[in-house]
Amino acid sequence: MLALASSSSNGLENDGGDDTTTTVVAPMTPPFPSALPSISSRARSTLDPCVILMKRMISKHARKWEAEGGIHSLAQGVVHWRPPPSVYEALYDVVRENVEETSTVDGGGDGGIVHTYCPDEGYPPLLEALAVKLWDENGLRNPHVVVTSGANQAYVNCVLTLLDEVDDEGNGSMCVVFEPYYFNHVMAVQSVRGDGGLLVGPTVRGVPDLGWLRARLEEHDCRGASGGHGGNVGNAIRMVTLVNPGNPTGVALPYAFLEEMMRLTKEFGVWLVVDNTYEHFDVEGRNRLPDRSGDDYDRDDNSRPDFPCFDEEHVINIFSFSKGYAMAGFRVGYVALSSMGGNNNTGNDGRGTMAYKEMLKVQDTIAICTSRISQMAALGAMRSGRTWVYERVKTLDVGRAAILGAMSSLEDVVGGNGAMYVMGKLPDGFDDQEFASLLVEHYGVAVIPGSFCGLPGWIRVCYSNLGPDDCAKAASRLEKGILELAARSR
């Protein structure tokens, strides 16, 4: 670095005369030679995005497998089909209208122009369609909805809205996740609260341990200090996270279990955030309502929601267009908060309504609104309906059976009845990241190491990202790799 120490009267170097001073340019020494801008310790301690790491690994060995049809990825959770034609029909119509300048937009932001903002909570026609869907398919009556840039942003919205760095009593609030966990959920909490904001609980074959959760809720219960529910002091555990059907477990949780979880979190005044991204992938229908009276949802035809969710003040439900509708690149998810509770006479809002109002601040800060044209595409997808999705989900049966067969020699296998995943336990002493690397290099197939999900010594295998024929080929490679690497480790 250079600095001007002295200057001549005319700004030029001295030509030898006595009437000017000499211009001297000298290096400038910074006051703190070793000082550099800092990077957030939370960002540095947050998990690395494992899907990116796996893609780098695949790229490293891609050329070796070109002649064999490439490396088959069973890593990232995507589907092999394309979005419904109604998505592109909607996009065609809106683009044509904008090219011809026939679209209009009113003050409410619900016209067809794509280059403007829409309301923070979402594109009004999409919100109207979602209100119908959430009642018909999920049993949620008139919830507050915020459309987000994928389900990941919906979860980040929840973390930023619900968790405190320091509460009114000087304590930080915590979030419970269950291992094996969805890595992006952990990354969100780490980014906002650091590791001190995480409490990781156990599962039994993919089912969260409710006994453990009750013990932790009792341990961290501070309500006595504020006189019970509603005070500024509640439970140091502020929210419990559940993914159903499970990522990475591939386990669909029974309705009775979900109901017990809902009642337990309600008892202790704790938020229950349920990620329903895989609602269309409840393979065995475990989340169906049991046959009992009183659950007709006041419908004229006595129908029941296909994938029921709990319409309770303390329950927040997250959904996505990325999986069933194959719209991962459009980045559209949404979060539904209950409009129940409160007192119309006093003007007091229910807890869901209160959280919704505060979440709109988060939404406005992060995204303002989700891409308008993506929301229009999502509205187009909804015209095809869940029947269209179920027909595609049915095509996964072949791949699921092939992957389960390929992993049958492992000591333990979990999943396969929900979402799009199966987890398998590797032989004792085998490093799962090394195993995944060897599978890519020597067998041309990619999986996710379980250590990325908090479960070292296991692997997560996705059976939805390849069509039936290619998935069967990938399963053959996986089986060969498992058998040969396991034999080598003995």
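The lining of the largest cavity comprises 11 nonpolar residues, seven polar residues and no charged residues. The structure is a predicted model, and two cavities of 30 Å³ or more are counted in it.

**Cavities**

Eighteen residues, written here as 18, line the largest cavity, and Phe178, Pro180, Leu242, Val243 and Asn247 are those nearest its centre. Strand E5 (174-178) and strand E9 (237-243) each contribute at least two residues to this lining. The greatest contribution to the lining of the largest cavity comes from E9, with three residues.

The second largest cavity has a lining that includes Leu242, Asn244, Leu258, Leu272 and Val274. Also among its lining residues are Asn276, Asn287, Phe307, Pro308, Cys309, Phe310 and Asn317. The volumes and the classes of lining residues are set out below.

| Cavity | Volume | Nonpolar | Polar | Charged |
|---|---|---|---|---|
| Second largest cavity | about 90 Å³ | eight residues | four residues | no residues |

**Packing of H7 and H8**

Two packed helices are described by the angle between their axes and the distance between the axes. For helix H7 (residues 210-219) and helix H8 (residues 255-267), the angle is about 5 degrees and the axes lie 11 Å apart. Angles under 35 degrees count as roughly parallel, and H7 and H8 are therefore roughly parallel to each other. On the H7 side, the contact involves Leu210, Leu213, Arg214 and Leu217, which meet Phe257, Glu260, Met261, Leu264 and Glu267 of H8. Classified by residue type, this contact of H7 with H8 has six nonpolar residues, three charged residues and no polar residues.

Notes. Residues are numbered from 1 along each chain as its sequence is written. This is a predicted model: local features need pLDDT of at least 70, side-chain atom pairs count only at pLDDT 80 or more; totals for chains, interfaces and linings use all residues. Side-chain values use heavy atoms; hydrogens and water are left out. Axes are lines fitted to C-alpha atoms, for helices over the stretch in contact, and angles run from 0 to 180 degrees between N-to-C directions. Helices (H or I, at least four residues) and strands (E, at least two) are DSSP runs, numbered from the N terminus. Angles under 35 degrees count as roughly parallel, over 145 as roughly antiparallel, 65 to 115 as roughly perpendicular and the rest as oblique. Contact means heavy atoms within 4.5 Å. Ala, Val, Leu, Ile, Met, Phe, Trp, Tyr, Cys and Pro count as nonpolar, Asp, Glu, Lys and Arg as charged, and the others, Gly among them, as polar. On a 1 Å grid over the protein atoms alone, a cavity is a set of points where a 1.4 Å probe fits but cannot get out, and a pocket is an open set with protein on both sides within 12 Å along at least five of seven lines; lining residues have an atom within 4 Å of a point. Grid points are joined across faces, edges and corners, and a volume is the space filled by probe spheres set on the points.
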